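Please look over the chain shown here, with attention to side-chain surroundings and backbone geometry. The report below takes these topics in turn.

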Amino acid sequence: MSARLRRAFSHRHHRDNSRKLRIAPLCVVKLLTPRFSLMKTAPISRREFIKTSGRVATVSALAGVALPHVHAGSSDLIRVALVGCGGRGTGAATQALSTTSGPIKLVAMADIFQARLARSFEAISKQFASQTEVPAEQKFLGLDAYKAAMDCLKPGDVVILATPPAFRWVHFSYAIAKRLHVFMEKPVTVDGPTSKRMFALGEEATKQNLKVGVGLMCRHCRARGELYERIKDGQVGDIILMRAYRMHGPVGYFASPPKPADKTDLMYQIERFHSFIWASGGCFSDFYIHNIDECCWMKDAWPIQAQASGGRLYRGDSVDQNFDTYSVEYTFADGARLFLEGRTINGCLADHSSLAHGTKGLAIISERGHAPSHASIFRSQNKSTAELFWAYPQPEPKPYQCEWDDLIDAIRGDRPYNEVKRGVEASLVTSMGRMAAHTGQIITYDEMLNCEQEYAPGLDQLTADSPAPLQPDAEGKYPVPLPGQLGKREY
């Protein structure tokens, strides 16, 4: 085994419903008095922390302040707050509590929807009874509940950000101000302005020695990690073509029926976030980012432009903004291509895979889903047993757990660890393909980054009485992408 492969193995990339819930006020949450204070002055606000000007440069609210060192040793208790108690947030919390490098407990939870929080608490506490200490007064509801949950922590603890991605920069800003380590789900941005904001916030987190993990778990897959090293060693030659497929029936909130009369547009859109571009980037950003990211990892580059097509076919009375099919051609600086095929239609061929074609052979990056990856290399462009050159042995370590093991190990070992830049880049490249399909135009990386359209401005000031970022027409339908008609706007 080469030295490079040995390094890959030794160190991965920088890699009750009956209980009364405390309701966090929807408009303004009075911050709890911190148990650990950095300064004798009043707590800093997000507006003091982040300043927006031009390219959205982040100014440290703690600049010039002597900060105590934040480091959790192997015997120190790490406390966790969960912000966003849906399936992904619940999964992330269970993986956090499954780490074995030292004591760790869940102590606070926040969500907008009471039923979702209650289900999450029941599931987590049933599996991790001794590690779940979330009393009724530390369960928070409302658009500002994230503040109260983070206020239950001390510097050096961990917050899980698993709300719809539109809120990521708002919650991340507050986490940095509270000096908390962070795990955030993907995608982390859905447009250019928030991408710039997150780039700056990521740099600020590094300055504060905060560890940040991003939920692109494929990057922590040990099998893909070895495949990457083998590709770098030249075992498939130069990559000239990649193919990625995610084709299956409707999942999540891909489609949404007309809004019930008893819900506001705002709460409806947040609840069914996959249906709305402002909240999640739609199904494209939410579903396809893993395939795009793992392919770009193996290529060791980000594409410079995208052209695409797609359409809405079987919509019925659905009011979502998604296309049923997407076909994207990404181009890299060296001329290599990545072809992405996405389809969300019942009764069709299902495929969930990513492949890389090199001048010496074929690499399977993933097959039949995200995990296990079934990473392998073939001596020709045909996948056949006779041509198999290498395959990672089964079973593979679960990447969803590996990403948490890596993050907590970095926190306890006080090692540099910040995945924000890469997470933003992956989100931006994904948005680039989405925008190309929705506009019918070629979209470059720079155009996506510098696009001035922010789909949900002012989310840090959002209240339950605020109008939704997306407004319906007189028939209750929301605007959908119209390729070729709106220039370089998606809707």
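## Surroundings of Arg-116

Arg-116 touches Cys-85, Gly-86, Asp-111, Tyr-253 and Glu-271, leaving aside residues up to four places away in sequence, where contact means heavy atoms within 4.5 Å. Arg-116 belongs to helix H4 (residues 114-127); helices (H or I, at least four residues) and strands (E, at least two) are DSSP runs numbered from the N terminus. Although Arg-116 is buried, it has no salt bridge, and the nearest side chain of opposite charge, Glu-271, is 4.6 Å away. Here buried means under 20% relative accessible area, exposed over 50% and partly exposed in between, with a 1.4 Å probe and protein chains only; a salt bridge requires a side-chain nitrogen of Lys or Arg within 4 Å of a carboxyl oxygen of Asp or Glu, and Lys and Arg count as positive, Asp and Glu as negative, with His and the chain ends not counted.

## Basis of the values

This is a predicted model, in which local features need pLDDT of at least 70 and side-chain atom pairs count only at pLDDT 80 or more, while totals for chains, interfaces and linings use all residues. Residues are numbered from 1 along each chain as its sequence is written, and side-chain values use heavy atoms, with hydrogens and water left out.

## Backbone geometry

Arg-368 has a positive phi near 60 degrees and counts as exposed at 60% relative accessibility, whereas Asp-414, with a positive phi of about 50 degrees, is partly exposed at 26%.
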